[in-house]
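Please consider the following note on the aromatic side chains of the model shown below.

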Amino acid sequence: MSVQDVRDYLSQWRLQDKVLEFEASSATVDLAAQAIGTQPARIAKSLTFRGEETPILVVAAGDTKIDNSKFKKTFGHKARMLSAEEVLEHTGHAVGGVCPFALKGDIKVYLDESMKRFETIYPACGSSHSCIQMTIEELETTTPYENWVDVCKIKE
């Protein structure tokens, strides 16, 4: 998948022109925040885990980390991240550009409550040099998510 695939996907909602591309890397929360000029917390990071039947993608605020007890209570098993190869296989996006848009495989998407404290957030758009600014409502509309979950805690 590519940024163009994400643009094509987002065109259903006329959001394709909001996709930003950078010369500098935006592959990590801190790099994305620098490239955009925002606080790291507003970066919507996509984390991929093994699921019982299909992989799980959790989109969460950039200043959080997975709370293992909350994750286990919500999903019924320990949080085990996918390898970079598995992430690409199941999402169609390489690590650093994983997003909840234009997903290629069978993967369940969940949105973490940690993002609801912001009016807008910045998820990646299929590459390690891209993102989009969107409202929580736009994220809900464009993402094929299962539910909102509370599986993160703010990093100390």
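**Aromatic contacts**

1. Phe49, Phe71, Phe75 and Tyr110 are linked into a cluster by ring pairs. Rings of Phe, Tyr and Trp (its six-membered ring) pair if their centres lie within 6.5 Å; planes under 30 degrees apart count as stacked, over 60 as edge-to-face and the rest as tilted.

2. The model is predicted: local features need pLDDT of at least 70, side-chain atom pairs count only at pLDDT 80 or more, and totals for chains, interfaces and linings use all residues. Residues are numbered from 1 along each chain as its sequence is written, and side-chain values use heavy atoms, with hydrogens and water left out.

3. Six aromatic pairs are found in a search of the whole structure. One of them is the tilted pair of Phe49 and Phe71, with 4.9 Å centre to centre and 55° between the planes. This pair joins distant parts of the chain, 22 residues apart: Phe49 belongs to strand E2 (residues 43-49) and Phe71 to helix H3 (residues 68-75). Helices (H or I, at least four residues) and strands (E, at least two) are DSSP runs, numbered from the N terminus.

4. Phe71 also forms a tilted pair with Phe75, at 4.7 Å centre to centre and 50° between the planes. Because Phe71 and Phe75 are four residues apart in helix H3, about one helical turn separates them.

5. Phe71 counts as buried because its relative accessibility is 0%; buried means under 20% relative accessible area, exposed over 50%, partly exposed in between (1.4 Å probe, protein chains only). Phe75, with a relative accessible area of 14%, is buried.
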